[in-house]
Amino acid sequence: MDALQQIRQPITAEMEQYKQVFDSYLVHSNPILREVLAWIGRRKGKMMRPMLTILTAKMLCDEVPENAIYTAATFEFFHTASLVHDDIVDESDERRGQKSINSAYGNQVAVLVGDFLLANSLLCAAKTGSSRLIELVSNAAQDLASGELLQLDNVRNSVITEDIYFDIIRNKTAALFSACTEGGAMTVSSDKMTLETLKTIGEYIGICFQIRDDIFDYDNTLSIGKPTGNDMKEGKLTLPVIHALLTTQNEEMFSLAHHVKDGTATQDMIDTLVSFTKQNGGIDYAIEVMNTYAEKAKSLLSYFPSSPSKQSLLAYIDYVVNRNI
């Protein structure tokens with residue numbers, strides 16, 4: 001049994017319910033849409049966000065209501081739509097090591113499929129009858145768009161700071177993880193302190209998730225579906241290189257970093273900057289920061305009674321920071 005199977009054990013039945021709900025929305029009479037939705041159905045990821053949503057609900061109440069299942073589907077459809085649109089914005093040809101939808105079917109189809117998936121998210125939210133859930137999804141959508149725009153603006157901005165990096169990842173990634181934990185909790189609890197605590201836990205998990213993803217970009221030994229230095233090819237400077245630059249104040253490397261930001265960096269420049277980052281503690285620092293957020297999330301979880309679902313949430317955090325794909 002692998003790590004994710006162990007994490008899912010307390011919610012095996014609920015995850016089966018979730019899959020049935022999610023798959024029921026991947027059908028349509030339109031031939032092109034039917035084909036692309038079938039493609040999406042075959043390429044489900046690790047279902048990290050639905051798992052987090054349902055585990056949160058089950059930690060608070062052993063009887064997980066149907067609303068928690070639809071809430072999990074709400075966030076996964078939103079996430080899937082955001083990936084489709086993100087690949088268009090980034091002009092990405094691959095997603096998880098396979099052709100992206102925009103690469104396989106073109107931007108026009110990809111935009112419309114993303115819109116369809118977003119509509120599915122709202123339909124699932126409507127099934128719960130919770131206006132607060134619709135508010136959560138809307139806020140997450142605003143945060144994601146804001147994060148994407150901040151990232152695009154940051155590519156043109158000569159300033160290099162950790163603050164901007166964290167503003168971007170809180171909006172682009174952590175906001176949805178935060179919505180998952182808060183949304184899952186909302187289906188079984190109305191206690192404000194409980195909801196706020198779990199919302200914060202989700203944010204910390206999301207920050208860990210993104211930092212780990214960013215660390216992957218400096219490792220050419222992993223099969224993660226994107227080549228080393230890919231973020232830099234897209235003009236993005238992430239936490240490891242930002243730290244190495246700010247601590248060394250190396251003018252030559254700053255010059256290379258600005259070539260990255262303005263889109264004029266060659267592959268040799270990127271390779272040099274990756275090596276510089278590794279040699280100057282960038283990876284170690286990013287791991288340290290990630291582990292700090294993981295410990296903060298675990299510390300907040302200590303306020304909740306022991307249960308199999310709580311143990312799975314702790315294991316979930318460990319998985320996020322230790323995963324190699």
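This is a predicted model: local features need pLDDT of at least 70, side-chain atom pairs count only at pLDDT 80 or more; totals for chains, interfaces and linings use all residues.

I took a salt bridge to be a side-chain nitrogen of Lys or Arg within 4 Å of a carboxyl oxygen of Asp or Glu. I number residues from 1 along each chain as its sequence is written, and side-chain values rest on heavy atoms, with hydrogens and water left out.

Entry: salt bridges. I searched the whole structure and found ten salt bridges. I called a residue buried under 20% relative accessible area, exposed over 50% and partly exposed in between (1.4 Å probe, protein chains only). Helices are DSSP runs of H or I with at least four residues, numbered from the N terminus.

I looked up Asp213 and Arg323, whose side chains meet at 3.1 Å, N to O. Asp213 belongs to helix α10 and Arg323 to the segment after α16 (308–322), so this pair ties together parts 110 residues apart in sequence. Arg323 is buried at 5%, whereas Asp213 is partly exposed at 24%.

I then checked Lys19, which pairs with Glu16 at 3.6 Å between the closest N and O atoms. Both lie in helix α2 (residues 12–24), three residues apart, which means a separation of about one helical turn. Lys236 and Glu234 also form a salt bridge, with their closest N and O atoms 2.7 Å apart; Lys236 is buried at 13% and Glu234 is partly exposed at 25%. I noted a network of salt bridges linking Arg132, Glu135 and Glu182.

Entry: nonpolar core. I defined a core as buried Ala, Val, Leu, Ile, Met, Phe, Trp, Tyr and Cys residues joined through side-chain atoms within 4.5 Å. The largest one holds 101 residues, and Tyr18 is among those with the most contacts inside it. Helix α5 supplies the largest share of this core, eleven residues. Counting contact as heavy atoms within 4.5 Å, and setting aside neighbours within four places in sequence, I found that Tyr18 touches residues including Met47, Ile69 and Glu76.

Entry: cysteines. With a disulfide defined as two cysteine sulfur atoms within 2.5 Å, I counted zero disulfides. The sulfur of Cys180 is 13 Å from the closest cysteine sulfur, that of Cys124, too far for a bond. Cys208 is likewise in no disulfide, the nearest cysteine sulfur, in Cys180, being 15 Å away. Cys180 is buried at 0%, and Cys208 is buried at 1%.

Conventions: Helices (H or I, at least four residues) and strands (E, at least two) are DSSP runs, numbered from the N terminus.
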